[in-house]
There are 2 protein chains.
Amino acid sequence: MVCGEFELIARYFDRATGSRRDVEKGIGDDCALLHVPEKQTLAISTDTLVEGIHFLPDIHPADLGYKALAANLSDLAAMGADPAWLTLALTLPKVDELWLQSFSDSLFELMDYYGVQLIGGDTTRGPLSLTLGIHGLIPTGKALKRSGARPGDWIFVTGTLGDSAAGLALLQHQHCCNESVSRDALIKRHLRPIPRILQGQALRGLASAAIDVSDGLLADLDHILKASDCGASLNLDALPLSAAMQAHFSREQQISWALNGGEDYELCFTVPEINHGALDVALSHTGVPYTCIGQIKAAAEGVALLCDGQPVSSGKKGFDHFVGK
Amino acid sequence: MVCGEFELIARYFDRATGSRRDVEKGIGDDCALLHVPEKQTLAISTDTLVEGIHFLPDIHPADLGYKALAANLSDLAAMGADPAWLTLALTLPKVDELWLQSFSDSLFELMDYYGVQLIGGDTTRGPLSLTLGIHGLIPTGKALKRSGARPGDWIFVTGTLGDSAAGLALLQHQHCCNESVSRDALIKRHLRPIPRILQGQALRGLASAAIDVSDGLLADLDHILKASDCGASLNLDALPLSAAMQAHFSREQQISWALNGGEDYELCFTVPEINHGALDVALSHTGVPYTCIGQIKAAAEGVALLCDGQPVSSGKKGFDHFVGK
């Protein structure tokens, strides 16, 4: 049951913009009605964000609207999907029209950019939380799964790693950075990550496996390794680090954030040697650099972290003790 | 980011049962991958349930698991869809394994009954709430929308109305009923509503509009009337009321619950005269009675409530003053 106040809220989300031809019925019936074209596979991902767990209580509603959708879109990017439809379940402690305007404007701006249409959801009273359901389309057989990596494949990441964790540490005053351009850049990477949709699409047919870096490189690469039953070696010297990170934090801190920081929403993907040469053609037009950071190995080899070609510790806890040596 | 404890929880939901052939990839990658057959339209609905708002804090987890999915399935029933896939976003204040076992067993039992597969979701820490995303399939062009009712169409409901509200009143000790069979029957109607999936499917091609009774007959019929730009007359004498309701509550209370109670999850649908005769053939095998309760009128006529053919008040607040006269 929805009280009148919450029906009012729903109006912030019932906008005429972005009506897609594959949407027969969006908001306003018991269900949305959608058409999946022939030879396309539907990709679905669900994310819940709870205040105080997934975002800071003082987050600006425009940043929350952006980041919630960007993180959700990043799951589509990791499969190589085209974004299509969004459902939004929004639970709010009270009606704050300024908050709603800012949140919904930001959400719709990003939806419009990627051609996504809001097709339904629910608005309820309760402790602040959001659940987004994103739906995308992929040519059948072309999805980038986690399970396709094979020994010998090269491991790549897009962009740079660790910036989001650095930005969060700055926001939480756990670290400081007096140089405002770097500070702003790192915080922006935390609050406004860019989902690598174009890159995911370009990797269809080239990458053997892919995942987005949401929990941290080591944790997310481990998902690929488990699903593919493989090990890996990672060259720590090769980890792509932003100029802002390198200018203001210790080498140990940079590597730690790059490996374990999370929320970078870059793609980590594996490519067989035979497709290595085609990567440049596929990715160069997307305007985002990519870096080879290691190689897939047999499962028995586990995960080896290399500095100057020499192994350091593998595993999260051990690493900090070794990387400085 | 998911802590280990919450990965444990996720295991309650990663069961091998019910794997559908249209699911290429369920739980365990960045997205689920699904195949929608040719000439089928996808129907999607999202429901959020928050503790203290949508369910009582002392609800049994098995009842919560059942009812959350039943209410979500009811939206598919109202469109005439076949249930297919579910996403579940579950936010829990703490890990309680007994609670999780009971909740998930109940959820999976109902999923299995309707051939639904859990394809993804999210498990997070926070105040207790659930967001379910149900996905169904309908032969293209056969969906039962709210907007198809026309003046002259007959208005029907399945089953009986008001039982769920009576059951809730008994649970909350706002009313009492010393006869245990009736009491249990009414409470069961509140806690374990049956989604009218078979009935919705049988109405494809026969009903001009349909909705499920979640907010109360008057409120839900009003959605059909607004979407179809029509009015209606309702015969209060014809409202289908259960034996348990009739035996234990005043006539005024019965009618009030039947009109405004909500959460009955029966279908309210409209049928053109030309299809009236075919209804029996279509619905009789489903084992659930259906009742003609009124007729669609021109929008200008508004909503008329009739007792013995005489108008009483329309509208929720006014009704209680008139119906007893």
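Chain B can be laid on chain A by a turn of 180° and a shift of 0.0 Å along the axis, with an RMSD of 0.0 Å. That is the relation of a two-fold axis. Copies are superposed by least squares on the C-alpha atoms of residues with pLDDT of at least 70 in both. Of the interface residues of chain B, 100% are also interface residues in chain A, so the copies meet through the same surface; contact means heavy atoms within 4.5 Å.

This is a predicted model, in which local features need pLDDT of at least 70 and side-chain atom pairs count only at pLDDT 80 or more, while totals for chains, interfaces and linings use all residues. Residues are numbered from 1 along each chain as its sequence is written, and side-chain values use heavy atoms, with hydrogens and water left out.

In an unreviewed UniProt entry, the annotation "domain: PurM-like N-terminal" covers residues 28–137 of chain A; such annotations may be inferred rather than shown by experiment, and UniProt positions are given in the numbering used here, with feature names shortened. This span is 33% helix and 39% strand, and its end C-alpha atoms lie 23 Å apart. Helices (H or I, at least four residues) and strands (E, at least two) are DSSP runs, numbered from the N terminus.

Strand β12 of chain A (residues 303–307) pairs with two other strands, as the table shows. Two strands pair if DSSP finds at least two bridges between them.

β12(A) and β13(A) form a hairpin with two residues between them, and A:Asp308 in the turn has a positive phi of about 50°.

Over all chains, the structure holds 12 aromatic pairs. Rings of Phe, Tyr and Trp (its six-membered ring) pair if their centres lie within 6.5 Å; planes under 30 degrees apart count as stacked, over 60 as edge-to-face and the rest as tilted. A:Phe156 and A:Tyr290 form a tilted pair, 5.7 Å centre to centre with 55° between the planes. A:Phe156 lies in strand β7(A) and A:Tyr290 in strand β11(A), so the pair ties together parts that are 134 residues apart in sequence. A:Phe156 is buried at 2% relative accessible area, whereas A:Tyr290 is partly exposed at 22%. Buried means under 20% relative accessible area, exposed over 50%, partly exposed in between (1.4 Å probe, protein chains only).

How values were computed
Chains lettered and ligands numbered in written order.
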